[in-house]
Amino acid sequence: MTASIIDGKVFSQKVRDEVARDVARLKKDHNITPGLAVILLGEDPASQVYVRNKAKQTAEAGMTSFEFKLPPETTQEELLAKVNALNVDPAVNGILVQLPLPNHIDEAAIIEAIAPAKDVDGFHVINTGLLATGGKGMVPCTPLGCIMMLKDTLGSLSGRRAIVVGRSNIVGKPMAQLLLAESCTVTIAHSRTQDLADEVRRADIVVAAVGRPEMIKGDWIKKGAVVIDVGINRIDAPERGEGKTRLVGDVDFEGASKNASAITPVPGGVGPMTIALLLANTVTATCYQNGIDPASLR
């Protein structure tokens, strides 16, 4: 068996096309233009590239992009003041503070300061609580993208055995909640799980989000399972030359591809979905704030 590739670049383009159509409907039928505000604190090169891509794709979708680049010495009080100003700005429907933040800033305090209705990252405790209890709130972008790719690949997920390797608040825990909502039987595992290989071998769906390069071995994957690899790890690649590196996931892609029926590559799998779902979440937030059913836009 050779696994089919779940192409995140193609899938994310479909999502962005749908977002652009939804934005056009909001403008035409409701005279509303969604606005996404992104705050970048400091000069981390990777974060700067990510924020530029967000701004570009926000504009391409027909939304208004607000960028706030603050110096690294910005105090927590100053950052909170900026968040509070955006909370009450009617032109802003979504707020994202780019993580990680400098050490002198309490990330949890900043996340909790964002109005839950504008929390397009889905990290606020109210939104995580709504997700856990089956309520209607904002869902973290990466897990939401993963569940969309799984449903597109498998159709109904009901009754399938799923394992999530990783227990972070950003991916692991919300991913498990989304799988539960689809009536999967869910195991949450992590780096300290005993007999991890045996746990993975039982799963029809494997979501790897543990942050360790190629930790999930190919022979751990059940025949016909679907593998979603959230990990992005940079490792040395001496075969490419001195000082060269390459990106790998949390799964041994080559080995897993021999057993899985479908698998996401790294790069080009889950990664492209994150910004696409951020845009989709901004549309959803705009609809909720204006009493509009998002489904009515389609």
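**The nonpolar core and its helices**

Of the 52 residues that make up the largest nonpolar core, V19, L150 and L179 touch the most other members; such a core is a set of buried Ala, Val, Leu, Ile, Met, Phe, Trp, Tyr and Cys residues joined through side-chain atoms within 4.5 Å, where buried means under 20% relative accessible area with a 1.4 Å probe and protein chains only. The largest share of this core, nine residues, comes from α10, with helices being DSSP runs of H or I of at least four residues, numbered from the N terminus. This is a predicted model, in which local features need pLDDT of at least 70 and side-chain atom pairs count only at pLDDT 80 or more, whereas totals for chains, interfaces and linings use all residues. Residues are numbered from 1 along each chain as its sequence is written, and side-chain values use heavy atoms, with hydrogens and water left out.

L179 touches I147, L150, L157, A162, V164, C184 and V186, leaving aside residues up to four places away in sequence, a contact being heavy atoms within 4.5 Å.

How do the axes of α6 and α7 cross? They come within 9 Å and cross at roughly 35 degrees, the axes being lines fitted to C-alpha atoms over the stretch in contact and the angles running from 0 to 180 degrees between N-to-C directions. P143, L144, C146, I147 and L150 of α6 meet P174, M175, L178 and L179 of α7.

The axes of α6 and α10, for their part, come within 8 Å and cross at roughly 100 degrees. These two helices are therefore roughly perpendicular to each other, a label given to angles of 65 to 115 degrees.

Terms used
Buried < 20%, exposed > 50% of the residue type's maximum accessible area, 1.4 Å probe, protein only. Parallel < 35°, antiparallel > 145°, perpendicular 65-115°, else oblique.
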